[in-house]
Amino acid sequence: MVRLALTKGRIEADAITLLEGAGYECAELAADMRGRKLFFSAGSGKIEIILAKAADVITYIEHGVCDLGIVGADTILESRRTFYEVLDLGFGRCRLALAGPAGCDFYNNLSHKIVATKYPNITKAYFNDRNVDVEIVKIEGSVELAPLLKLSDAIVDIVETGSTLRANGLEIYETIAPVSARLIVNVASIKMKKRETDEFIERITEELNKK
Ligand code: PRP
């Protein structure tokens, strides 16, 4: 038996479709069966699935309490990456971007810049690489509010359709990285549960190759 941590929300439905396609029935995860449960059996008991927030999926994998995880590349980039990233699952496509008020040039003067983000590590690395000194303010959600409230000059956040930016008078200044859902594996599980993790990865790979 292997335990899979699945990120709740944005990528959940596509992940369940992929698991079902790979032969792991997920009836317990269907919305009408679920209630407030967070722990599920799938694939006739072959796998256990837990639902968690993206950053917590990484924590569970790093601590070895889950063997496999499905999580966005944005959360992986923000993490310390002490696990294996084995597959790009191809869904949950969006991008990490620097964005701010439409029509403004972020680099137009040397004034002290403030950037609000859920991704302080990515933001720090991005501006360090460019030798640009910025102050980073950590925000947990609805990051687009920060420039509207004049808390920051810009944001670093994920952009999927661009609707949230447009609805708030913001635009992309620079794309930082493409994002999609990834399959990650705990470093011990890949050896200690080799047969189970190999089988899981093979079945998912076969399903991805059908597309
Ligand atoms: C994400 C992201 C943006 C929005 C982008 O937020 O932080 O706000 O989606 O999507 P769009 O380009 O399609 O408009 P999410 O809905 O995950 O919630 P959050 O802001 O509370 O984190």
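This is a predicted model: local features need pLDDT of at least 70, side-chain atom pairs count only at pLDDT 80 or more; totals for chains, interfaces and linings use all residues.
The protein chain splits into domain 1, made of residues 2-92 and 180-209, and domain 2, residues 94-177. Taken over C-alpha atoms, the centres of the two domains sit 30 Å apart. Five residues of domain 1 and ten residues of domain 2 take part in the contact. Interface size is often expressed as the accessible area lost when the parts come together. Here, domain 1 and domain 2 bury about 690 Å² between them, with 50% of that on carbon and sulfur atoms.

As for polar links, five residue pairs are in polar contact across the interface of domain 1 and domain 2. The side of domain 1 that touches domain 2 is made up of one nonpolar, one polar and three charged residues. The count of salt bridges between the two domains is one.

Now for Arg 10 itself. Arg 10 lies in the loop that runs between strand 1 (2-7) and helix 1 (12-21). With a relative accessible area of 54%, Arg 10 counts as exposed, because the cut-off for that label is over 50%. Leaving aside residues up to four places away in sequence, Arg 10 touches Ile 158 and Glu 160. With Glu 160, Arg 10 forms a salt bridge, the closest N and O atoms being 2.2 Å apart. Arg 10 also lies 9.5 Å from Gly 72, C-alpha to C-alpha, although 62 residues separate the pair in sequence.

Technical notes:
Residues are numbered from 1 along each chain as its sequence is written. Side-chain values use heavy atoms; hydrogens and water are left out. Helices (H or I, at least four residues) and strands (E, at least two) are DSSP runs, numbered from the N terminus. Buried means under 20% relative accessible area, exposed over 50%, partly exposed in between (1.4 Å probe, protein chains only). Contact means heavy atoms within 4.5 Å. Domain bounds come from an automatic or database domain assignment. Buried area is the accessible area (1.4 Å probe) that two parts lose on being put together, summed over both. A salt bridge is a side-chain nitrogen of Lys or Arg within 4 Å of a carboxyl oxygen of Asp or Glu. A polar contact is a pair of N or O atoms within 3.5 Å; within protein, one must be able to donate a hydrogen and the other to accept it, and residues adjacent in sequence count only if both atoms are side-chain atoms. Ala, Val, Leu, Ile, Met, Phe, Trp, Tyr, Cys and Pro count as nonpolar, Asp, Glu, Lys and Arg as charged, and the others, Gly among them, as polar.
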